[in-house]
Structure formats: structure tokens, C-alpha cells
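I set out to record which charged side chains pair with one another. My entries follow the pairs one at a time.

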Amino acid sequence: MAFQQEIERKFLVAGDGWRGRAPGVLYRQGYLARTQDRVVRIRVAGDRGFLTVKIRSRAGFARAEFEYPVPFEEAQAMLNSLAPGEIIEKWRYTFSEGNDVWEIDEFLGANQGLVIAEIELNSEDQAFDRPDWLGEEVSRVSRYLNVELAQAPYRTWADHKGKNPEAS
């Protein structure tokens, strides 16, 4: 896969109209290194492993992403070397709606109850249809980034109060 420019928008999910559109794939991912503007992630998605470097841009939604396949056993070993609090687990559902491809992440463990929808765009000003199950945009809210959820899980947020954003 190597280098690509990633332009991603994130939203809370406000309904379950997306359910049943695609089978889920279990994701486990952890962070091998992180700084203010970049992260190095190891991920297992189903039976495949990936090493990813993401570099945030100074403004906008775009960021550079470098992703490389890693043998499954090696990816598992790297994940297993991390502390439990450094790992995110989630089910990912990927499907098309109209002309758009959506990824829904339903988090597990310490982030259980959080459901986020993502759409990758070709440009920052690209128009897209908003499905009726799409809630508040959180693209610029850093605590919804996976790397942040690994350090400060959803269930520890003072304003979480046990609510599932999908149920509201």
C-alpha cells in the first residue's frame, strides 16, 4: 500500500440504520510510538497485519499515511508486547451507501459503547450525503482519535455517564 494522503471525517453514530449492511472484522491495534504530530501503529485486521505511520498536517483533515503489510504472526507478537492499555479493539463494518464508502467502528473493552463512522474523501471540500444514522461530527475532536482512546478510554470520560452515543 505504501504512501497515501488520507482525508478522513469522523462522526458519532446516532442510530442503528447501518447495522446489517456488512459483516464485521475484528481489529486489534496498538501504538509503538507517538509524538504530537505522528504515530506508529501496529494493527491486526482479521488475519492480516499492518504497520502504519501517520503524520498529521498543521491544518485541515488531510494527513500523510504510510502503511505496509506485516506477517500476521509478527503483528500479533508486537501487539502482545504492548500493555493492555495501549491496545484498541473494535469491530469494523465497511459498506457503500450511495456513492460513498463508510467504515463504522464499534469499540470494545474500555471503549465499549462508542460507535464512530468514518468516511475517506478525495479532497477536503468533497461533498457527501449524510445518512440518517449519522450524528455529530467529531473530526477535529482529538479525544476521538484511536491513539487518544488508547490512553484515555471512552468509559473514563467524566461526560460519558454510561451513555451509548448510538442510542441517543
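Is Arg9 buried or exposed? I looked up its relative accessibility, which is 14%, so Arg9 counts as buried. I note that the model is a predicted one.

**Entry 1: Arg9 and Glu137.** I found a salt bridge between Arg9 and Glu137, with 2.5 Å between the closest N and O atoms. Arg9 belongs to strand 1 (residues 2-13) and Glu137 to strand 9 (residues 134-137), so this pair ties together parts 128 residues apart in sequence. For Glu137 I read a relative accessible area of 29%, and this residue is partly exposed.

**Entry 2: Glu97 and Arg21.** I next looked up the salt bridge between Glu97 and Arg21, where N and O are 2.0 Å apart. Glu97 lies in strand 6 (residues 87-97), whereas Arg21 lies in the loop between strand 1 and strand 2 (24-34); the two are 76 residues apart. Glu97 is partly exposed at 22% relative accessibility, and Arg21 is partly exposed at 39%.

**Entry 3: Arg28 and Glu89.** I recorded a salt bridge joining Arg28 to Glu89, the closest N and O atoms being 3.3 Å apart. Because Arg28 is in strand 2 and Glu89 in strand 6, the pair ties together parts 61 residues apart in sequence. Arg28 has a relative accessible area of 19%; since buried means under 20%, Arg28 is buried. Glu89, at 32%, is partly exposed.

**Entry 4: the wider set.** How many salt bridges does the structure hold? I noted 14. I also found a network of salt bridges that links Lys10, Lys90, Arg92, Glu103, Asp105 and Glu118.

Definitions and conventions:
Residues numbered from 1 in each chain as written. Predicted model: local features only at pLDDT ≥ 70, side-chain atom pairs only at ≥ 80, totals over all residues. Heavy atoms only, no water. Salt bridge = Lys/Arg side-chain N within 4 Å of Asp/Glu carboxyl O. Helix = DSSP H or I, 4+ residues; strand = E, 2+ residues; numbered from the N terminus. Buried < 20%, exposed > 50% of the residue type's maximum accessible area, 1.4 Å probe, protein only.
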